[in-house]
Amino acid sequence: MISTIPQLFKTFQWLVQRPLFLVGGATVVTISVIAVLAPIIAPYDPLKIDVIKRLQPPSLQHFMGTDHLGRDLFSRVIFGARISLMVGVTIAFTSSALGGALGLLAGYFGKWLDNIIMRICDMFFAFPPLILAMAIAASLGPSLQNTMLALVIVWWPRYARLARSQVLVLRELDYVQAAKASGAGHLRIMLKHVLPNAFSPILVQVTLDIGQAILMAASLGFLGFGAQPPTPEWGVIASEARIYMRDQWWYPTFPSVMILLTVLGFNLVGDGLRDVLDPRQRGRLSKS
Amino acid sequence: MSIFSFIVRRLTFQLFVLFGVLTITFFISHIIPGDPALLLAGPKASPEIIAKLRKDLGLDQPLFRQFVIYVSHVARGDLGTSVFTRRSVAQDIVERFPATFELVTVAMFVASLLGILGGVLSAVYKDRWVDHLFRLLGIAGSSMPIFWFGLIMIYLFYTRLGWLPGGGRISMYTSISQKITGLYLVDALLTGDFAAFKSAILHLILPVIVLSFATVSSILRLVRACMLEVLSQDYIRVALAKGLHERRVVFIHALRNALIPALTVLGVTYAELLQGAVITESLFAWPGMARYAVSSMTYLDYPAIMGLTLISAVVYTFMNLVVDILYGVIDPRIRYD
């Protein structure tokens, strides 16, 4: 854990030496700003149809051209940033909170509670996540909310496992035993002594998962089980655009490149965070 | 514990997990408001027709009773009748399974080969340009939306260059005369039909590239990390010091030990590929299970959805079991327990 100012400075210094981390961070910040300022940046209404101007190539009026209904692609992609970021962040945070809490309980109390929670996890691990998410989203009726719900349902068990494995180690450490001996309650020990130290691997995972959640939500959108047209979600735009690849290559390309950049950003940041917060893993996924 | 009792114990445990899987899919697909009878009958159907359909499909029974009936059918290998294709789900799946199996297995093979080779190269040439190049490719691979990559590949190699077919399993001018295994490559070889074999290979190239792209990078990253750890150990230095050929040390001494942790991921990888197959199959009009899954989910074809999720769970857990057994084969020190 980072606690003192010299340490913070060292961390900062270390980060500067990692250009990929900085590039990733800059990408994430830029896309977040775009998402927040979407209504100001977007020159047109992302839903406004103008069939006469359909499928125009990129120009000064329309930076990314227009789509098959004459909507301004740039505006749609800008608003798409809002949706994708919201989806990614919501899924990663909700499932880490839910899975983290259950994993904490399972690891801390052990015994039958551990058994029940972990066996439920095993059942979820028996599915390829995308296929289960598709089934859930399809049964609930495809929409953006249901995509998020479906992805949280398939995602939380990973966090339960991760948190539990952390807690199992921490639980036995002397300072936790000492806290117990001096009469601290279960809740206090869990929240004040165990959780903070189990936190960094979970945080790394959340960062990496925001990207993966964005990618999966877009895939669901592309397959027709996610957000529905005319929502300017990147996967949906790419799906509507797929038949125009041949003659209007830019149309499916712009939303897809945005997905690529956003996910790339979160992956780079997550990799960097892993190096700094979890020194044992250093060199696993990146240059040591 | 002997390997035999290990397998028996795991398979028993598997049964419990699969029962849980069955329970989850059943209740998820039945508690939610979507009504397959309504969907099947269409918007203009009269209430009587809908009521009759509900009765035929068993939807008028209490939920728990439906569940008991379903489980007893599944135990006998009957996955029900697809609402949409009006055929037995088991038969539908059996017909489509070989296509997906062929695609995923070839992709797995290609991804492991390239991933392991790339991982070894970037570990041996750590911090040189090869390493940086692979690292970049790896990060790109895990961030790339697979559907766009597929669209680009089709555009490039089919639309523009015309080198490779853009969809399907085999050209319409050739066909597999005899379906023995359902795997076109195997069937074509067995019947000695080389035109069909060539066509099947050509049709596999693009989907396999698209499907394995993301996976190559995750295998590569892992093999690299494991290789780096192994290469820094004393016995490698000893082997090199006593004058063994470097290639021999890398591929025999180091790789074998580096592959153990890498194997863990291969099971997960197979699942990843099954998922990727959903998008790949729909991009390339590949007549496999994943495409069947997409269409059955679009039409809320519950028997098909449940059958498919169950089968994919069976395949997935089975792959993990195989991986656990392989551990012991690669590393005799590992005990099964």
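Predicted model: local features only at pLDDT ≥ 70, side-chain atom pairs only at ≥ 80, totals over all residues.
I shall begin with the chains one at a time. The C-alpha atoms of chain A occupy a box of roughly 75 × 50 × 30 Å along the principal axes. Chain A has 288 residues, and 50% of them count as buried. Among contacts in chain A with a separation of 6 or more, 68% join residues 24 or more positions apart.

Chain B has 13 helices and zero strands. Its 337 residues include 41% that count as buried. The box for the C-alpha atoms of chain B, again along the principal axes, is roughly 85 × 55 × 40 Å. In chain B, residues 24 or more positions apart make up 71% of the contacts with a separation of 6 or more.

Helix α6(B) covers residues 129-143, which is 15 residues. From first C-alpha to last, α6(B) reaches 21 Å, close to the 21 Å expected at 1.5 Å a residue. The buried residues of α6(B) are B:Phe134, B:Arg135, B:Gly138, B:Ile139, B:Gly141, B:Ser142 and B:Ser143. Which helices cover them? The cover includes α9 (186-223) and α11 (250-277) from chain A, as well as α5 (89-124) and α9 (194-231) from chain B.

Those last two helices also pack against each other. In general, such a pair is described by the angle and the distance between the two axes. The axes of α5(B) and α9(B) come within 6 Å, with a crossing angle of roughly 35°, and the crossing is right-handed. The contact of α5(B) with α9(B) consists of 21 nonpolar, seven polar and one charged residues.

Next comes the nonpolar core. The largest core has 168 residues, and those touching the most other members are A:Ala133, A:Met134, A:Leu151 and B:Val223. Helix α9(B) gives the largest share of this core, 20 residues. Beyond its neighbours within four places in sequence, A:Met134 is in contact with A:Leu220, A:Leu223 and A:Phe225, and also with B:Ala293 and B:Met297 of the other chain.

Finally, I would draw attention to a loop residue, A:Leu55. A:Leu55 lies in the loop between α3 (38-41) and α4 (73-109) of chain A. Why does A:Leu55 count as partly exposed? The reason is that A:Leu55 has 17 C-beta neighbours inside 10 Å, whereas a buried residue needs 20 or more and an exposed one has 12 or fewer. Leaving out neighbours within four places in sequence, the contacts of A:Leu55 are A:Thr66, A:His68, A:Tyr244 and A:Gln248. A:Tyr244 is 189 residues away from A:Leu55 in sequence, yet their C-alpha atoms are 8.9 Å apart.

Notes. Residues numbered from 1 in each chain as written. Chains lettered and ligands numbered in written order. Helix = DSSP H or I, 4+ residues; strand = E, 2+ residues; numbered from the N terminus. Expected span 1.5 Å × (residues − 1). Contact = placed C-beta atoms within 7 Å. Core = buried A, V, L, I, M, F, W, Y, C linked by C-beta atoms within 7 Å. Axes fitted to C-alpha atoms, helices over the stretch in contact; angles between N-to-C directions. Left-handed = near helix turned anticlockwise from the far one by under 90°. Nonpolar A, V, L, I, M, F, W, Y, C, P; charged D, E, K, R; others polar.
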